[in-house]
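Please find below some notes on this model for a reader who has not seen it before. They are numbered so that each point can be checked against the view.

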Number of protein chains: 2
Amino acid sequence: MSSLLRHSVEQQLQEAGGLSYVQFQLLATLGDSPGGSARMTDLADGVVYSRSGLTYQAQLLEKRGLATRAPSVEDERGTTVTITAEGRSVLDDVFPGHVAVLGDLLFTPLDGSDVAQLADVLGRVRDHMRSVPPRSAAPRRRSRATAPPRDA
Amino acid sequence: MSSLLRHSVEQQLQEAGGLSYVQFQLLATLGDSPGGSARMTDLADGVVYSRSGLTYQAQLLEKRGLATRAPSVEDERGTTVTITAEGRSVLDDVFPGHVAVLGDLLFTPLDGSDVAQLADVLGRVRDHMRSVPPRSAAPRRRSRATAPPRDA
DNA sequence: TCCCAATGCTTCGAATCCGAAGCACCAATG
DNA sequence: CATTGGTGCTTCGGATTCGAAGCATTGGGA
């Protein structure tokens, strides 16, 4: 289900503003941040994404003039990303269609009680996943004797 | 939430059997198919994935000896993919850990009623999305540097 | 003051992904 | 039987992805 929805959302973002899903998330996060700025690490915390991928997408945003990047004032190691006026403009262009897609595909078949239940249940799952320590090792159960030798 | 879960699932599949998420879905689909075979198109219907990506992953499975590919008997255009004994073995190796991840991350904070609600609500959403015609067009674009649409 | 592990981010290489174009085959038409 | 349009899959080129390695800065002692 989430794959289907994700796919439709990405299509709309691409058509309406040439944005990838991650780029949209980054712009939206920046738009909500005080001053329209955030460090790379803070962005990464809000988006399930690799650091290197974040660097790549931030470069693309900068290249398109939707955001700027500069070394952090407080910590010379850090990079501060800031949304530009043009970035906000694109975000505003794209947002109504984004909401429309969610309305059409996700919320149409649901009533208020359904939505509340979803929010409750999925919210609990999310909190649980965030609180669980990163998997150190997968459960090592075996069920077939013919497992091929494998170098992980 | 789904991104977090997806990420953990992919990690387990990779560690336990060197499988990508798609490869796992393909093997699982084949394993449930009569004769362990299916046409590419039938596989694509069950997996939200591009055709070319499906070809790529099927080639990888063939290269690892987990599946075979042969032109369809009925329709020379079609390709029939079949799971091998080794493919089933890997699937059996990976499956218990897969279920364990879902149990730990997804089902732990939920009770039976939660699960039933989720299945009902998300099932309806899925059916709705599958029944909706593919988006014909996104809401009209706006050019930059103008007032954002007040429409949502 | 001078180290040194830890931190924040980027670069690098290789793998994976997608859409568009291409190839081969099927089915319907005349 | 030749033609035409449609279908099924692959190939191609370019974009995106990730983890590992690299670079520079920081903070906490010795």
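**Notes on the predicted model**

1. DNA strand C has 21 residues around it, and the closest of them are A:Thr41, A:Thr55, A:Arg69, B:Tyr49 and B:Gln57. A residue is taken as near a strand if one of its heavy atoms lies within 4 Å of it. Of the atoms of DNA strand C within 4 Å of the protein, 75% belong to sugar or phosphate, and the rest belong to bases.

2. This is a predicted model, in which local features need pLDDT of at least 70, side-chain atom pairs count only at pLDDT 80 or more, and totals for chains, interfaces and linings use all residues. Residues are numbered from 1 along each chain as its sequence is written, chains are lettered from A and ligands numbered from 1 in the order in which they are written, and side-chain values use heavy atoms, with hydrogens and water left out.

3. Which residues make polar contacts with phosphate oxygens of DNA strand C? From chain B, an N or O atom in the side chain of B:Tyr49 is 2.7 Å from a phosphate oxygen of DNA strand C. A polar contact here is a pair of N or O atoms within 3.5 Å; within protein, one must be able to donate a hydrogen and the other to accept it, and residues adjacent in sequence count only if both atoms are side-chain atoms.

4. Two or more residues of the surface near DNA strand C come from each of α3 (40-46) and α4 of chain A and α4 of chain B. The largest share, 5 residues, is that of α4(B). Helices (H or I, at least four residues) and strands (E, at least two) are DSSP runs, numbered from the N terminus. By class, this surface has 4 nonpolar, 10 polar and 7 charged residues. Ala, Val, Leu, Ile, Met, Phe, Trp, Tyr, Cys and Pro count as nonpolar, Asp, Glu, Lys and Arg as charged, and the others, Gly among them, as polar.

5. DNA strand D also has 21 residues around it, of which A:Tyr49, A:Gln57, B:Thr41, B:Thr55 and B:Arg69 come nearest. Sugar and phosphate make up 71% of the atoms of DNA strand D that come within 4 Å of the protein. The side chain of A:Gln57 has an N or O atom 2.3 Å from a phosphate oxygen of DNA strand D, and a polar side-chain atom of A:Ser50 lies 2.6 Å from a phosphate oxygen. For B:Arg77, an N or O atom of the side chain is 2.9 Å from a base nitrogen of DNA strand D.

6. At least two residues of the surface near DNA strand D are supplied by each of α4 (51-63) of chain A, α3 (40-46) of chain B and α4 (51-63) of chain B. The largest share, 5 residues, comes from α4(A). The classes near DNA strand D are 4 nonpolar, 10 polar and 7 charged residues.

7. How do α2 and α4 of chain A meet, and which residues are involved? The axes of α2 (residues 21-32) and α4(A) come within 10 Å and cross at roughly 75°. Axes are lines fitted to C-alpha atoms, for helices over the stretch in contact, and angles run from 0 to 180 degrees between N-to-C directions. The two helices are therefore roughly perpendicular to each other; angles under 35 degrees count as roughly parallel, over 145 as roughly antiparallel, 65 to 115 as roughly perpendicular and the rest as oblique. A:Val22, A:Gln23, A:Leu26 and A:Leu27 of α2(A) meet A:Leu54, A:Gln57, A:Leu60 and A:Leu61 of α4(A), where contact means heavy atoms within 4.5 Å. The residues of this contact divide into 6 nonpolar, 2 polar and no charged.

8. In chain A, 3 strands form an open antiparallel sheet in the order β1-β3-β2. β1 (37-39) and β2 (67-71) of chain A stand at the edges with a single partner strand each, so one side of each has no neighbour in the sheet. The twist averages 25° from one strand to the next. β1(A) is joined to β3 (residues 79-83) of chain A by 3 bridges, and A:Ala38 has A:Val81 as its bridge partner. Two strands pair if DSSP finds at least two bridges between them.
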